[in-house]
Amino acid sequence: MALYSEKVMDHFRHPRNVGVIENADGVGEVGNPVCGDIMKIYLKIENDTVTDVKFETFGCGSAIASSSMATEMIMGKPLSEALALTNQAVTEALDGLPAHKLHCSVLAEEAVRAAVKDYYDRNGIAYDPADFPAESCAHGCEV
Amino acid sequence: MKRIYADNAATTPVSETAIREMVRCMREVYGNPSSLYEIGQQAKEELEKARAQIAACFGAQPREIIFTSGGSEADNQALRSAAALGARKGKKHIISTAFEHHAVLHTLRALQREGFEVTLLDVHENGIVTAEEVAAALRPDTCLVSVMFANNEIGTIQPVEEIGAVCRRAGVLFHTDAVQAAGHLAIDVGRMNIDLMAVSAHKFHGPKGVGILYARRGVALTPLIEGGAQERGKRAGTENVPAAAGMAAALRETCEKREETAAHLTALRDRLIEGLSRIPYAQLNGDRERRLPGNVSFCFEGIEGESLLLLLDDRGICASSGSACTSGSLDPSHVLLAIGRPHEVAHGSLRLTLGAEWDGDDVETVIREVSGVVAYLRGMSPFWRDLTTGKRPHVFEK
């Protein structure tokens, strides 16, 4: 049995929406190099809708696939839907991840959230801080 | 697509000679070596022939060789035996190194819980411990020194002969995990003053699941497996005669071709190191010269090893990495950390271990594909962006 599903391998081999948005409205970065994965999400937002999204990822195959899938899932969606993206939804859309790789989908969820929060902060839009808990190292490294 | 197998430190393809010997044994010598009738005694003869051949390759006596299930079991038994001998004399201090295989490190950890003290020597940035450092760490209560012959990840060769001399002068047992070295480097247990040595067959084109523990005559072994008088009471269980015969055939063949293979691999290895060194912010792990003929280990800044391996696999190249993501643990390889690589760099490691079937075209293909994949992954890495824009500092020189 292969380590990853066909879906994961497809998104890993052909990642969607890779790159940078130079004049992004919101940018979120989570993870750190010591743990071995960093995800960065760039959002373009108009009328509370994600009109463009790009990502950059430093990490393993499932980290790259999770970022790619997450960008596909929020592209063109209202911000409320982007904020509602969960790591479970990303994992399911990828036809599952190995147990020790689930943190990659958590990072994807957190990166999207961080980008939206950045957009709110830049534009002075009020939000409930409880909706944006401090990001953790998703695999529990003591860094 | 041509497949290039670059993971010979993980395991090696089984040689035709070994396969033939194993099949012959399974067909013709099915008896139990402990049985007294003729077919049993034939099996016993096969086993003893294999033992004698293996002993000869290491300059040992046949009775100093016991068959095990592989290198891990041999390492476990070597350490347990030396610890038991030490404890009997009230000596409960063991010296080893920080970058041993887990078969050694985890056994040492278990011994620590049982009251032993363990000193793990630094292996420096070049991945080599010195005999002087071993000598300086010796104490009156030291019962064992365990230093691997060559490291499994970065391939560095330890000064085994010098360490053996230090131990012999001090009257301390010396064990070496020679799993990566056996068959590939010249080993003479007498000249090198080795008291205990672990060897695994599948690293030199033998079958998996078989190895040997060498124990110098007079070094009493503690059995890990009880239940029979096989292997002179040191390892119970009906002997795996075909595996032993396959191992002996593979070892003899590998040893016969050793110098020729080493010259071939060293030349290819050096070309590969030279080619990969042209990648910016890449660095060879371990000493440039004192390394196994077929070992190339690099760290690349700004990328993660697992994604590198997956993309190389897509291009027909089988390799390995010491990144956390490939090990299923949170930390990258303890070997890379032991030579001082920071975590963020150790995650971006790549080990390529060459085989005798390689040629110059394979080297060029690997250089081209690794360079391409590293550049591609860096292109999508925010960590690499931070390095190139100066937001985070580089670890290596360009």
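How many residues of helix α9 (residues 305-314) of chain B are buried? The count is 8 of its 10 residues, so the helix is mostly covered; "buried" here means that 20 or more other C-beta atoms lie within 10 Å of a residue's own, "exposed" means 12 or fewer, and "partly exposed" is in between, with C-beta atoms placed from the backbone.

## What you are looking at

This is a predicted model, in which local features need pLDDT of at least 70, side-chain atom pairs count only at pLDDT 80 or more, and totals for chains, interfaces and linings use all residues. Residues are numbered from 1 along each chain as its sequence is written, while chains are lettered from A and ligands numbered from 1 in the order in which they are written.

As for confidence, the predictor gives the complex an ipTM of 0.94 and a pTM of 0.95. Chain B has a mean pLDDT of 97, with 99% of its residues at 70 or more; pLDDT is the predictor's confidence in each residue, from 0 to 100.

## Chain A

Chain A holds 5 helices and 3 strands. Walk along it from the N terminus and the order is α-β-β-β-α-α-α-α. Helices (H or I, at least four residues) and strands (E, at least two) are DSSP runs, numbered from the N terminus. The C-alpha trace spans about 50 × 35 × 25 Å along its principal axes. A compact globule with 143 residues would have a radius of gyration near 15 Å, and the 14 Å of chain A agrees with that; the radius is taken over C-alpha atoms, and the globule rule is 2.2 Å times the number of residues to the power 0.38.

Of those 143 residues, 46% count as buried. Take the contacts in chain A with a separation of 6 or more: 62% of them come from residues 24 or more positions apart. Two residues are in contact if their C-beta atoms, placed from the backbone, lie within 7 Å. A:M9 and A:L94 are 85 residues apart along the chain, yet their C-alpha atoms are separated by 9.1 Å. With 18 other C-beta atoms within 10 Å, A:M9 is partly exposed.

## Where the chains meet

The contact between the chains uses 21 residues from chain A and 21 residues from chain B. On the chain A side, the elements giving two or more residues are α1 (6-13), β2 (37-46), β3 (49-58) and α2 (61-74). That side divides into 9 nonpolar, 7 polar and 5 charged residues. In this scheme Ala, Val, Leu, Ile, Met, Phe, Trp, Tyr, Cys and Pro count as nonpolar, Asp, Glu, Lys and Arg as charged, and the others, Gly among them, as polar.

Chain B is divided into domain 1 (58-238) and domain 2 (258-388), with bounds that come from an automatic or database domain assignment. Their centres, taken over C-alpha atoms, are 29 Å apart. Where they touch, 17 residues of domain 1 are in contact with 18 residues of domain 2. The domain 1 side of that contact has 7 nonpolar, 8 polar and 2 charged residues.

The largest nonpolar core has 155 residues, and A:V112, B:Y214, B:A244 and B:M247 have the most contacts inside it. Such a core is a set of buried Ala, Val, Leu, Ile, Met, Phe, Trp, Tyr and Cys residues joined through C-beta atoms within 7 Å. Domain 1 and domain 2 of chain B both give residues to this core, so it lies between them. Leaving out residues up to four places away in sequence, B:M247 touches B:A50, B:I54, B:A201, B:G206, B:P207 and B:V210.

## A few spots in chain B

Back to α9(B): its buried residues include B:G305, B:E306 and B:S307, along with B:L308 and B:L309. After this helix comes B:G316, with a positive phi near 85 degrees.

B:H124 sits in the loop between β4 (117-121) and α5 (131-137), and its 15 C-beta neighbours inside 10 Å make it partly exposed. B:E231 is in the loop between β8 (211-215) and α7 (241-256), and it counts as buried because it has 20 C-beta neighbours inside 10 Å.
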